[in-house]
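Take a look at the model below.

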Amino acid sequence: QVQLVESGGGLVQPGGSLRLSCAASGSSFSITDMGWYRQAPGKERESVAAITRGGRTNYADSVKGRFTISRDNAKNTVYLQMNSLKPEDTAVYYCNAEAFLYTDSGDYTRTYWGQGTQVTVSS
């Protein structure tokens with residue numbers, strides 16, 4: 001069983017910066033891929049950035065050059081550094097992680113989601 005706890009959201013002015021973090025906790029698991037999604041009112045959830053355990057990254061075109069995803073495998077934590085924020089970035093941001101779970105009855109993978117953190121970019 002894995003839990004993802006997000007932090008770092010808030011209200012910032014256009015052009016400002018925020019750093020989101022998401023830490024995975026639990027027992028008998030190993031995190032593989034991690035990423036960030038966001039969802040604005042009336043819109044579908046979209047992928048923002050993703051990172052593999054080995055550090056390979058991928059970004060949505062809308063955030064390339066402004067956002068940076070990183071991770072600390074020792075801490076099972078993923079970060080999203082958001083710079084040059086725009087009003088269009090306003091959304092609830094969700095952490096996502098794929099976990100490999102070890103159980104007595106067998107091993108399996110499962111996708112987990114954080115609780116979501118609000119990011120509002122407004123003057």
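Leu-18 has Met-82 as its bridge partner in strand 8. The model is predicted, so local features need pLDDT of at least 70, side-chain atom pairs count only at pLDDT 80 or more, and totals for chains, interfaces and linings use all residues. Residues are numbered from 1 along each chain as its sequence is written, and side-chain values use heavy atoms, with hydrogens and water left out.

Strands here are DSSP runs of type E with at least two residues, numbered from the N terminus. Two strands pair if DSSP finds at least two bridges between them. Strand 8 covers residues 77-82. Of its 6 residues, 5 are buried, where buried means under 20% relative accessible area, exposed means over 50%, and partly exposed lies in between (1.4 Å probe, protein chains only).

Strand 8 has strand 7 as one partner. There, Thr-68 has Gln-81 of strand 8 as its bridge partner. Strands 7 and 8 form a hairpin with 4 residues between them. In this hairpin, Asn-76 takes a positive phi near 50 degrees. Strand 3 also pairs with strand 8, and strand 1 pairs with strand 3. The table lists these pairings.

| Strand pair | Sense | Bridges |
|---|---|---|
| Strand 1 and strand 3 | antiparallel | 6 bridges |
| Strand 3 and strand 8 | antiparallel | 6 bridges |
| Strand 7 and strand 8 | antiparallel | 6 bridges |

Together, 4 strands form an open sheet in the order 1-3-8-7. Which strands lie at its edges? They are strand 1 and strand 7, and each pairs on one side only. From one strand to the next, the twist averages 15 degrees. These angles use axes, lines fitted to C-alpha atoms (for helices over the stretch in contact), and run from 0 to 180 degrees between N-to-C directions.

**The core**

In soluble globular proteins, nonpolar side chains tend to be buried together. A nonpolar core is a set of buried Ala, Val, Leu, Ile, Met, Phe, Trp, Tyr and Cys residues joined through side-chain atoms within 4.5 Å. The largest one here has 33 residues. Trp-36, Leu-80, Met-82 and Tyr-93 have the most contacts inside it. Several strands each supply at least two residues, including strand 3, strand 7 and strand 8. Strand 9 gives the most, with 6 residues.

Contact means heavy atoms within 4.5 Å. Neighbours within four places in sequence aside, Tyr-93 touches residues including Glu-6, Trp-36, Leu-80, Met-82 and Val-119.

**The disulfide**

A disulfide is a covalent bond between the sulfur atoms of two cysteines. In this model, the test is a pair of cysteine sulfur atoms within 2.5 Å. How many disulfides does the structure hold? It holds 1. Cys-22 is joined to Cys-95, S to S 2.1 Å. Cys-22 lies in strand 3 and Cys-95 in strand 9, 73 residues apart. The link is left-handed, with -85 degrees about the S-S bond. Cys-22 counts as buried because its relative accessible area is 0%. Cys-95 is also buried, at 0%. Opposite Cys-22 in strand 3 stands Glu-6.

**An exposed residue**

Now turn to Thr-109 in strand 10, residues 108-113. Is Thr-109 buried or exposed? Thr-109 counts as exposed because its relative accessibility is 52%. Beyond its neighbours within four places in sequence, Thr-109 is in contact with Ala-99 and Phe-100. Thr-109 and Ala-97 are 12 residues apart in sequence and 10 Å apart in space, C-alpha to C-alpha.
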